[in-house]
Amino acid sequence: MNLKNILLRKGFVKIKLKKINTNHFEIKAKLNGVKGRFILDTGASNSCVDISLAHKFNLQVEDSETKAAGAGAIGMETKISSQNKLELKKWNFNNCHIVLLDLTHVNTALTEHDAKAVHGIIGADILEKGSAIIDYNKKCVYLKKLVYKF
């Protein structure tokens, strides 16, 4: 029995990843029902969206005291959005928190390497929530389906 079959039997969902020119993995997602392109980043502690796209993704934005750092930028102002629905193929998270910040530095680096700009980043918070297993050879990530109690 292979890894895929074992994980699917255990309630994981297989999600394809696309390797882009920068060697990052791009992942397609829906945030509040709106399609977007994101980078999968195991080193990003929080998932985020470019602050200019808050309206596009129907994000209810609140001020945040937290300053962001990463990818060569430090001390960036952030905002936060709670209770969002994130869909990665058939994996759903109905209470997703998203950090909003200026991703110009990320998208500039991508476009300088002939890669498309992204709407945001899927970070370790989501990977941990879904007990992620990344298969680098097959270019996919497995996330365990969340069970919601009503």
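Me: Let's start with a definition: two strands pair if DSSP finds at least two bridges between them. In what order do the 3 strands of the open sheet come?

Reply: Keep in mind that this is a predicted model. In general, strands of a sheet pair through backbone hydrogen bonds, either parallel or antiparallel. Here the pairing is antiparallel, and the order of the open sheet is 1-11-10.

Me: Which strands stand at the edges of that sheet?

Reply: Look for the strands with a single partner, because one side of each is then left without a neighbour in the sheet. That picks out strand 1 (12–16) and strand 10.

Me: And by how much are neighbouring strands turned against each other on average?

Reply: Direction is ignored for this one.

Me: Zooming in on strand 10 and strand 11, which residue of strand 11 does D135 stand opposite?

Reply: The two strands run antiparallel and are joined by 3 bridges.

Me: On to the rings. Is the pair of F25 and Y136 stacked, edge-to-face or tilted?

Reply: The structure holds 3 aromatic pairs, this being one of them. The ring centres of F25 and Y136 are 5.8 Å apart and the planes meet at 45 degrees. Stacked needs under 30 degrees and edge-to-face over 60, so with its 45 degrees the pair is tilted.

Me: How far apart in sequence are the parts that F25 and Y136 tie together?

Reply: F25 sits in strand 3 (residues 25–31). Y136 belongs to the loop between strand 10 (133–135) and strand 11 (140–144). So the pair ties together parts whose separation in sequence is 111 residues.

Me: Which residue of that pair counts as exposed?

Reply: The cut-offs are under 20% for buried and over 50% for exposed. F25, with a relative accessible area of 8%, is buried. At 52%, the residue that counts as exposed is Y136.

Me: What about W91 and F93: at what angle are their planes?

Reply: Their ring centres lie 6.2 Å apart. The pair is tilted, because the planes stand at 55 degrees.

Me: Are W91 and F93 buried or exposed?

Reply: The relative accessibility of W91 is 0%, so W91 is buried. F93 comes out at 11%, so F93 also counts as buried.

Me: Which residue lies over the face of F57?

Reply: A charge has to be within 6 Å of the ring centre to count as sitting over a ring. At 5.7 Å from the ring centre of F57, the residue over its face is K56.

Me: Now helix 2 (residues 104–112). Within what arc do its buried residues fall?

Reply: The buried residues of helix 2 are V106, N107 and L110. Seen down the helix axis, they line one face, because they fall within an arc of 90 degrees.

Me: Which strand is included in what covers those buried residues, and which residue just after helix 2 takes a positive phi?

Reply: The cover over the buried residues of helix 2 includes strand 4 (34–40). Just after the helix, a positive phi of about 60 degrees belongs to D114.

Me: N58 and K89 are not glycines; what phi does each have?

Reply: N58 is in the loop between strand 5 (48–50) and strand 6 (61–70), and with a relative accessible area of 44% it is partly exposed. K89 is in the loop between strand 7 (73–88) and strand 8 (91–101), and at 57% relative accessibility K89 counts as exposed. For N58 and for K89, phi is positive, at about 55 degrees.

Technical notes:
Residues numbered from 1 in each chain as written. Predicted model: local features only at pLDDT ≥ 70, side-chain atom pairs only at ≥ 80, totals over all residues. Heavy atoms only, no water. Phe/Tyr/Trp six-rings, centres within 6.5 Å; stacked < 30°, edge-to-face > 60°. Helix = DSSP H or I, 4+ residues; strand = E, 2+ residues; numbered from the N terminus. Buried < 20%, exposed > 50% of the residue type's maximum accessible area, 1.4 Å probe, protein only. Lys NZ or Arg CZ within 6 Å of the ring centre and 35° of its normal. Arc of directions from axis to C-beta. Contact = heavy atoms within 4.5 Å. Axes fitted to C-alpha atoms, helices over the stretch in contact; angles between N-to-C directions.
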